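This briefing is meant for a reader who is meeting the structure for the first time.

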Amino acid sequence: MSAPLIEMRGITKSFGAVKANEAVDLSVAPGEILGLLGENGAGKTTLMNVLFGAYAPDAGEILVEGRPVAIHNSADALAAGIGMVHQHFHLAPRLTVLENLLIGIPGKSGRVDRARGLARLDEISRQYGLSLDPNLPVSALSVGEQQRLEIIKALFRGARLLILDEPTAVLAPSEVDGLFAALRSMAAQGLGIIFISHKLNEVRALTHRCVVLRHGKVAGRVEHPASTTSAEMAKLMCGHEIVPPVKQSSTPGASVLTLDRISTSAHAGTPLRDVSLFVRAGEILGIAGVSGNGQRALADVISGMLPPKAGAMTIAGKAVAQFSPRELQTLGLGRIPEDRMTTGLVTNLPLADSMVLPRIGTEAFSRKGLLNPAAIRAFAEQQIKAYDIRCPGPMVRAGALSGGNLQKALLARELAFDPKVLIVSQPTRGLDIGAARFIHEKFLAMRAKGCGIIIIGEDLEELLMLSDRIAVMYEGRIAGTLPSADATVARLGLMMTGAEGHA
Amino acid sequence: MFRLEGRTSTPAWFNLALPLVAIAATLILCSGLIAIAGAGVVEAYGVMISASLGDSYAITETLVRAAPMIFTGLAVAIAFRAKFWNIGAEGQLLAGAVASCFVGAIPMPGYLAMLLMALVGAAAGALVALVPATLRVKFKVDDVVSSLLLNSVIYYALMALIEGPWKDTFSGYPISPPIEDSANFPVLIEGTRLHLGVVVALIAAPLCWFLIARTTLGFRIRVTGENPEAARYGGINVQRVLLSTALLSGALAGLAGVGEVGGVHFQVMSDISPGYGYSGIVVAMLARLNPLGVVPAAIFLAAVMTGAEAMSRATGVPAFLSDVIQGTALLAMLVALLFTAYRIRRVGAQT
């Protein structure tokens with residue numbers, strides 16, 4: 001094997017008393033795809049931020065092709081040939097593909113050099129099979145295409161090492177295949193790639209070698225990911241065995257949530273068109289679909305954020321009149337939003353505040369308009385213990401918690417009051433295996449207690465594992481519903497593209 | 001080379017240290033201007049301090065000046081907590097002054113007059129604040145712009161009033177008729193101007209703190225301000241919270257005007273407020289939007305104002321320095337606030 005393209009030696013980075021990275025060694029050879037695995041908070045993102053120049057390491061050095069380099073900011077990183085594709089894209093939506101590529105690139109005598117940009121784009125497209133229409137505005141691109149643009153952007157700036165931070169989290173299954181093909185072609189032509197992911201099957205399918213981080217240190221290295229089992233890798237990540245949850249058979253009861261021909265108006269993404277569905281007590285209904293096919297509107301209608309234009313909804317037999325979040329809560333609906341940070345929690349206020357937010361006006365937490373701080377604190381402390389939420393205490397800023405702990409806090413807040421129906425969107429997106437497993441077990445426990453649960457998700461394997469029935473959304477309609485016994489990833493994938501409909 | 005790096009937590013002593021550092025930076029920056037004006041920096045600041053805090057009379061004068069800024073500071077602090085950007089405390093103050101002057105001019109028992117002046121003045125301020133809040137809630141009109149522009153509307157309405165129907169027929173000056181003597185707020189210390197309104201302002205601050213920290217309305221205001229989306233998702237009627245906040249904020253600013261009419265001027269004239277409404281923004285920012293911090297912040301600005309006049313007389317430095325200090329203090333505080341989220345880190349020279 002040739003000399004490493006990039007080598008990180010003994011990288012240590014602390015935040016206060018917390019060692020986010022401790023003596024981490026890592027190298028990527030030209031033509032190599034390296035998997036970087038680890039639970040949330042294991043130090044993957046910190047390590048990549050050190051490599052990309054966002055943080056200065058406390059100790060350790062970075063070598064590019066054997067020469068030590070100092071990387072103070074992203075410009076240094078780019079100059080050293082390191083490009084990063086973040087989870088959240090950094091694109092100007094109103095500019096075109098070409099204009100986005102040319103941002104920050106010096107032109108000729110003060111003018112943007114479009115001709116040279118086009119030529120370079122064409123070259124990259126042909127070399128790696130990454131094509132995009134240069135004149136389309138970014139706002140017209142799908143999420144997958146925006147990601148492709150981010151990759152092209154890094155290559156455009158001369159990256160020889162590409163870091164991808166959980167790139168598949170935002171993609172539909174078919175788009176994942178396209179991404180992998182492009183990454184393999186880039187590696188085949190001598191680029192180095194660092195692929196960060198939680199999804200072990202993807203890491204096994206794509207990478208040549210893996211580094212597993214745990215608590216900021218290298219917990220293990222996997223030399224042949226394809227011939228290593230997911231269970232072995234999961235054990236390296238968590239430090240213990242992961243047992244999949246057991247779904248007991250159950251007989252669903254009466255319907256607890258019914259939607260009857262619900263339609264929404266057009267100004268909230270893809271609108272719903274005549275959506276009818278139901279979920280029964282003790283049943284989990286999965287909603288699958290390529291993102292952007294009306295799932296957002298469905299979640300918003302059910303949780304009271306978007307009153308429908310037409311149609312009716314009942315919860316536990318009672319008709320919903322106002323479609324306000326307050327009314328739905330009162331009727332017995334629990335909700336976990338897709339975006340924990342912006343919709344679920346108030347990141348700048350104490351965790352306890354977010355945990356009591358929906359019920360602040362009830363007897364439990366206030367009387368005659370006066371808060372009961374002792375009760376609020378006691379409730380939060382009790383839930384922190386019950387759900388094993390890792391945090392310094394109920395008064396810590398909610399935003400300081402990791403994604404998995406935030407999700408546990410949201411779950412605790414909704415489940416503490418025994419909802420009859422629970423609607424959740426992307427319940428484990430971005431969570432590590434341990435936290436995801438905890439959430440899954442809670443769902444199954446609620447199902448056993450007779451709660452009806454709707455899970456809107458893009459992770460088909462998760463939906464197949466948890467659901468009793470799976471409905472597929474396509475262009476704002478329910479394209480079909482299958483008992484999960486009859487559903488396979490392949491069949492659902494077909495329905496998601498509108499190719500097959502089922503009653 | 002230095003650069004900013006994100007912080008994960010902020011030490012508790014920062015809350016106290018930041019405004020003090022901002023004030024120190026302000027005084028250091030402004031000493032340059034004093035030197036340019038040809039006066040001794042130490043002497044000038046010395047006169048400023050002794051004239052505003054040097055003896056008991058000076059202290060009462062500073063408190064009298066601080067009272068309206070405590071009210072406008074509270075008004076702004078509460079509004080900003082909900083992210084209702086009320087830049088209109090000046091107009092709300094003027095509305096409160098005009099309304100209370102109307103009431104105060106009606107003959108009636110003194111205590112009743114004072115109570116009604118406060119109620120009507122607060123209501124007038126609240127109504128004015130309701131305008132930008134309603135425009136924002138109903139039509140998504142930017143509240144910074146609408147509340148700011150409304151200040152001019154109210155100011156010129158006041159001018160029209162005192163140049164027109166209210167104009168003093170004997171002297172011809174553009175001032176309103178005075179309120180009844182019985183409606184004048186009682187003076188608390190003989191020989192000073194320390195009036196009842198100052199005490200009310202000092203009591204209002206802890207009440208506002210209690211409202212924000214210990215009531216469900218305060219909880220809703222905080223949550224709405226920090227994350228309206230999560231507030232709505234959690235079942236809070238965000239629009240109603242914004243309107244309630246506006247009413248509360250406007251009422252507090254209106255009370256600032258009531259105090260000036262009932263306790264200081266006993267009538268309305270064009271310069272009844274030297275920008276107390278705008279100073280309220282500086283006060284609220286220095287206080288980091290904490291109602292308890294509003295009191296010391298307002299006293300600081302009041303001391304600068306009273307001190308600047310004496311300094312100007314003694315050293316010849318223009319009294320406008322007071323405005324410069326206010327403006328610089330706001331900027332210094334905004335810079336200081338950056339350090340709650342970031343810290344400066346030294347990094348090695350670039351290769």
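How many bridges join strand β19 to strand β20 of chain A, and do these strands run parallel or antiparallel? In this predicted model, strand β19 (residues 421-425) and strand β20 (residues 452-456) of chain A are joined by 5 bridges, and the two run parallel.

**The sheet in chain A**
- The open sheet of chain A is formed by 6 strands, which follow the order β16-β19-β20-β13-β21-β22 with mixed pairing.
- At the edges lie β16 (333-336) and β22 (477-483) of chain A, each of which pairs on one side only.
- From one strand to the next, the twist averages 15°.
- Where β19 pairs with β20 in chain A, A:I423 stands opposite A:I454 of β20(A).

**Helices packed on the sheet**
- Helix α9 (residues 295-303) of chain A packs on the sheet and touches β13 (284-288), β16, β19, β20 and β21 (469-474) of chain A, while its direction makes about 150° with that of β19(A).
- Helix α17 (residues 489-496) of chain A also packs on the sheet, where it touches β13, β21 and β22 of chain A, and its direction makes about 30° with that of β21(A).

**The contact between chains A and B**
- The contact draws 28 residues from chain A and 22 residues from chain B.
- On the side of chain B that touches chain A, α8 (216-226) and α9 (228-233) of chain B each supply at least two residues, and α8(B) gives the most, with 6 residues.
- The residues on that side of chain B comprise 10 polar, 6 nonpolar and 6 charged.

Notes. Residues numbered from 1 in each chain as written. Chains lettered and ligands numbered in written order. Predicted model: local features only at pLDDT ≥ 70, side-chain atom pairs only at ≥ 80, totals over all residues. Pairing = 2+ DSSP bridges. Helix = DSSP H or I, 4+ residues; strand = E, 2+ residues; numbered from the N terminus. Axes fitted to C-alpha atoms, helices over the stretch in contact; angles between N-to-C directions. Contact = placed C-beta atoms within 7 Å. Nonpolar A, V, L, I, M, F, W, Y, C, P; charged D, E, K, R; others polar.
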